[in-house]
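Visitor: Can you walk me through this model? Start with the overall layout, then the details.

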Amino acid sequence: EQEFDGFLNPQTLSCSPNGKVLAFGSIGPGHTFVNVATGETLGYLKSEGVLHEALFSPDGKQLAETSTKNIILRNTSTFDAAISKALAEPPMPPGK
């Protein structure tokens, strides 16, 4: 069991297909990306408006976001290096 503290009023939550990254969207415009195993914050991406939803593509190469302002499809390889690296790692074995 892993608990993540310090995130104010999360509005969206999406887990990467490899199970290693969580994307939290809070009241502020944007997502915080967190390493599932360690709880370490990997980085932050700003978005326009208040986020409503975020979903990773099945291969983890894109993140679709909806907000009060627009819909965005992001290429995850252009994210901060720490986020991109974690998203590119192979999936965790079952039961981990």
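Predicted model: local features only at pLDDT ≥ 70, side-chain atom pairs only at ≥ 80, totals over all residues.

Visitor: How many helices and strands does the protein have?

Guide: There are 7 strands and 1 helix. Both are DSSP runs numbered from the N terminus, helices being H or I of at least four residues and strands E of at least two. The order from the N terminus is β-β-β-β-β-β-β-α.

Visitor: What share of the residues is buried?

Guide: Of 96 residues, 42% count as buried. Buried means under 20% relative accessible area, exposed over 50%, and partly exposed in between, with a 1.4 Å probe and protein chains only.

Visitor: Now the sheets. What is the strand order in the sheet of 4 strands?

Guide: The order is β1-β2-β3-β4, an open sheet with antiparallel pairing. β1 and β4 are its edge strands, each pairing on one side only. From one strand to the next, the twist averages 20°. Strands count as paired if DSSP finds at least two bridges between them.

Visitor: How many bridges between β3 and β4?

Guide: 5 bridges join β3 (residues 30-35) to β4, and the two run antiparallel. Phe33 faces Gly43 of β4, and Val34 has Thr41 as its bridge partner. Their hairpin has 5 residues between the strands, and Gly39 there takes a positive phi near 80°.

Visitor: And the sheet of 3 strands, which order does that have?

Guide: That open sheet runs β5-β6-β7, with antiparallel pairing. β5 and β7 (71-75) are at the edges with a single partner strand each, so one side of each has no neighbour in the sheet. On average, neighbouring strands are turned by 15° against each other, direction ignored. β5 and β6 (residues 62-67) are antiparallel and joined by 5 bridges; Glu53 stands opposite Thr66 in β6.

Visitor: Where does α1 lie?

Guide: α1 lies across β2, β3 and β4, at about 115° to β4. Axes are lines fitted to C-alpha atoms, for helices over the stretch in contact (heavy atoms within 4.5 Å), and angles run from 0 to 180 degrees between N-to-C directions.

Visitor: Which residues make up the largest nonpolar core?

Guide: It has 12 residues, including Val21, Phe33, Leu45, Phe56, Leu63, Phe79 and Ile83. A nonpolar core is a set of buried Ala, Val, Leu, Ile, Met, Phe, Trp, Tyr and Cys residues joined through side-chain atoms within 4.5 Å. β2 (21-25), β4 (41-46), β5 (51-56) and α1 (81-88) each supply at least two of the core residues, and α1 gives the most, with 3.

Visitor: What does Ala54 touch?

Guide: Leaving out residues up to four places away in sequence, Ala54 touches Thr12, Leu13, Ser14, His31, Leu63, Ala64 and Glu65. Ala54 is also one of the core residues.

Visitor: Different topic. Is Asn18 buried or exposed?

Guide: Asn18 counts as buried because its relative accessibility is 7%. Asn18 is in the loop between β1 (12-15) and β2.

Visitor: What does the side chain of Asn18 contact?

Guide: The side chain of Asn18 makes a polar contact of 2.6 Å with the side chain of Ser16. A polar atom of the Asn18 side chain also lies 3.0 Å from the backbone nitrogen of Lys20. A polar contact is a pair of N or O atoms within 3.5 Å; within protein, one must be able to donate a hydrogen and the other to accept it, and residues adjacent in sequence count only if both atoms are side-chain atoms.

Key:
Residues numbered from 1 in each chain as written. Heavy atoms only, no water.
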